[in-house]
Amino acid sequence: MDWQTLRDVVLQFVAITVAFTVVLLIVAYTVLAERRVLGLIQGRLGPNRVGFGGSLQPFADLLKFILKEDIVPDKSTRFVYFLAPVIATMAALMTMIVYPFGPEVNLPFLQRTTQLVIARFDVALLYVLGVTSVGVYGIALAGWSSNNKYSLMGGLRSSAQMISYELSLGLALIGVILQSGTLDLYRIVELQSRWHGCGWFILWLQPLGFFIYLMSAIAETNRVPFDLPEAETELVAGFHTEYSAMKFALFFLAEYINMFTVSMLATTLFLGGWNVPFAEDLFGRGTLLFALVSVIGFLVKICFFLFLYIWLRGTLPRFRFDQLMNFGWKFLLPLALVNIFITATLIFLNVL
Amino acid sequence: MLALLFILFAGIAIGSAIAVVAQRNPLYSAISLIGVFISLACLYVMLAAPFLAAVQVIVYAGAIMVLVVFVIMLLNVEQEERRTRLSFLVPAAVGLAALLIAEVTFILYWVQVSPVTPAGNVSDTGLTASIGTGLFTTYLLPFEITSILLLMAIVGAMTLARRTAELPPGARVVPGAQVLALNIIDPTVPLDDTTAIEAHTTVEVAKILGIPDDHDPARRD
Amino acid sequence: MTPELSWYLAVSAVLFTIGVAGVVIKRNVIAMFMCIELMLNAVNLTFVAFASFFQDVTGQLFVFIVMTVAAAEAAVGLGIIIAIFRNRETLDVDEASILKL
């Protein structure tokens, strides 16, 4: 192994560590933002004591989770009980590496051109789908290993919901794949930079696909209005009833990281990724300023989606489980198939 | 470097496979099998087949094993007991396994020349485009037959899992009809093995029970 | 040292043998089914290894078909297992080996 590959491998590790830290910070502040925005929607203030305006609240929560007593149910299967939150969090974090968060930038001090993505490979979109499929195990195994029939029911319901909506999620993405002709996320974002950065897929090409994707994504991440399996007024707390302290914090974290991941995927595929309209004309291709503006634009779009999630949580009631499954199988799945059909027809007729 | 990665993934695959067979709890076997699938997916990536690696994780680890784990959880499968009858065969099995490993090592030691060295990740054999081209031009017939096979599997699975039309006696629920708990509406009805009432509208229900119904359009007050 | 074709074939042979041993040893129907899947995966590895070393995409296409067939078999097989469990209340093949319920 020569120094070149060693340096590349070390750089990858550094990039992954930086991405991991950034994601954890953003997710921690998403939790805080959710509590404040929900408070504003519900006519009260959220947590605003710790730090200026509540900005140190996530760290206080983290300290609480670390110091809480760790209760393990007596007759649970120990190995699976400890494995389940690890699987959930790992699957949530592993999708982070394929999203491009900026254009190609010429670093002047290093004399090289680097693409702002951690791992660029050909089947990136399938990789994301695969890793989210593996994330179902965290929930199913958590429900089973708690040795609690309410947890089991909640875990089975939650995983049945997740695998049902994975189908319409995948099918909604096929419209985008047909459109761009590639599974490579970097290339998909590049293709959306036509027309001075306004060629976002949602606007011109895939409004129906975006709608289906959004519904499926909200159901995938078990958020309101699809959060019956884990709502506190339903089956106790669903699959994470018997989890306390740090393991519960891992599940909580996994849910918010999933939210973040899904928002990133929606931004990348439908909202143009790092494309800010007219930014390329203003700043020039490959400059550091253009890259900075693009990264900030990317983060703004992700924050818009996170705000949408929080807004939905504060506004809508939740579906009953049979209504949820009906919606997934009898409405979203045929609609996704219709979307593929329409997209394929329009491409065939050279309209798109 | 590649050899190290190969030894790592192959070792995890073989270790997990032995765990699948050796574990007595079927849930642990299922988890070990997921480990086998994921390490095989990593081996496929090393063999310049990234599309197949992703499809392996999505289909095998993400769909088939979820189905198996669901079935294990729903049927509440217990651990197997250790068999005592044929336990003298275990040393024989270990001996034969050692023989297999010896044969494999012998072959690996003597046959060290492979026909073509792989081009690693630079080749475009395993990319999505070439698989798509192959599936839709040369091998279109197997592709279409596979889709019919999947349709047959869906119909077969639904038929097998369907409840039979005959209800056992004493049933109080007829699927698709109004569910009535007779003795809640009329507490004087004795709880015996009467068959369920099948009715489709509230008007019919009211007629059967003999109570006035507010939704009946024929009844205008 | 790069991995040779024979290394991949050796791993595949070992996995296949472990699968066969599992089908013979295990008494739980679901565990037997899982060992059958292990055998299918061993064969998949052989196909992909040959496809890679001979630069031919046909091997990978066949793996695609095998995966689809395995998925179909899993659905129907687990349906059969559930039907057996409903009728016999046991998942042990030794106890369910006679035709009489």
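What follows is a short exchange about a predicted model.

Colleague: How many helices and how many strands are in chain B?

Modeller: From the N terminus on, the elements of chain B run α-α-α-α-α-α-α-α. That order holds helices and zero strands. The counts are eight helices and zero strands.

Colleague: What percentage of the residues in chain B is buried?

Modeller: A residue counts as buried if 20 or more other C-beta atoms lie within 10 Å of its own. Chain B has 221 residues. The buried share of them is 27%.

Colleague: Among contacts in chain B between residues at least 6 apart in sequence, what percentage joins residues at least 24 apart?

Modeller: Take the contacts in chain B whose partners are at least 6 apart in sequence. Then keep those whose partners are at least 24 apart. The share is 47%.

Colleague: Which helix gives the largest share of the side of chain B that touches chain C?

Modeller: Here 64 residues of chain B are in contact with 58 residues of chain C. On the chain B side, α1 (2–22), α2 (26–46), α3 (50–75), α4 (89–110), α5 (128–138) and α6 (140–161) each supply at least two residues. By class, that side divides into 51 nonpolar, twelve polar and one charged. The largest share, twelve residues, comes from α3(B).

Colleague: Which helix gives the most to the side of chain A that touches chain B?

Modeller: In this pairing, 19 residues of chain A are in contact with 17 residues of chain B. Helices α4, α5 (136–145) and α6 (149–180) of chain A each supply at least two residues of that side. Its residues are 15 nonpolar, three polar and one charged by class. The most, six residues, comes from α4(A).

Colleague: Are α4(A) and α3(B) roughly parallel or roughly antiparallel?

Modeller: Their axes come within 9 Å and cross at roughly 20°. Angles under 35 degrees count as roughly parallel. The crossing of α4(A) and α3(B) is left-handed. The two helices are therefore roughly parallel.

Colleague: How many charged residues does the contact of α4(A) with α3(B) have?

Modeller: On the α4(A) side the residues include Leu126(A), Tyr127(A) and Leu129(A). On the α3(B) side they include Phe51(B), Val55(B) and Ile58(B). By class, the contact has eleven nonpolar and three polar residues.

Colleague: Why is Val50(A) called partly exposed?

Modeller: Val50(A) lies in the loop between α1 (3–41) and α2 (57–67) of chain A. Buried needs 20 or more other C-beta atoms within 10 Å, and exposed needs 12 or fewer. Val50(A) has 15, so it is partly exposed.

Colleague: What is the C-alpha to C-alpha distance between Val50(A) and Ala60(A)?

Modeller: Leaving aside its neighbours within four places in sequence, Val50(A) is in contact with Leu56(A), Gln57(A) and Ala60(A). Val50(A) and Ala60(A) are ten residues apart in sequence. Their C-alpha to C-alpha distance is 7.8 Å.

Terms used
Residues are numbered from 1 along each chain as its sequence is written. Chains are lettered from A and ligands numbered from 1 in the order in which they are written. This is a predicted model: local features need pLDDT of at least 70, side-chain atom pairs count only at pLDDT 80 or more; totals for chains, interfaces and linings use all residues. Two residues are in contact if their C-beta atoms, placed from the backbone, lie within 7 Å. Helices (H or I, at least four residues) and strands (E, at least two) are DSSP runs, numbered from the N terminus. Ala, Val, Leu, Ile, Met, Phe, Trp, Tyr, Cys and Pro count as nonpolar, Asp, Glu, Lys and Arg as charged, and the others, Gly among them, as polar. Axes are lines fitted to C-alpha atoms, for helices over the stretch in contact, and angles run from 0 to 180 degrees between N-to-C directions. Angles under 35 degrees count as roughly parallel, over 145 as roughly antiparallel, 65 to 115 as roughly perpendicular and the rest as oblique. A crossing is left-handed if the near helix is turned anticlockwise from the far one by less than a right angle, and right-handed if clockwise.
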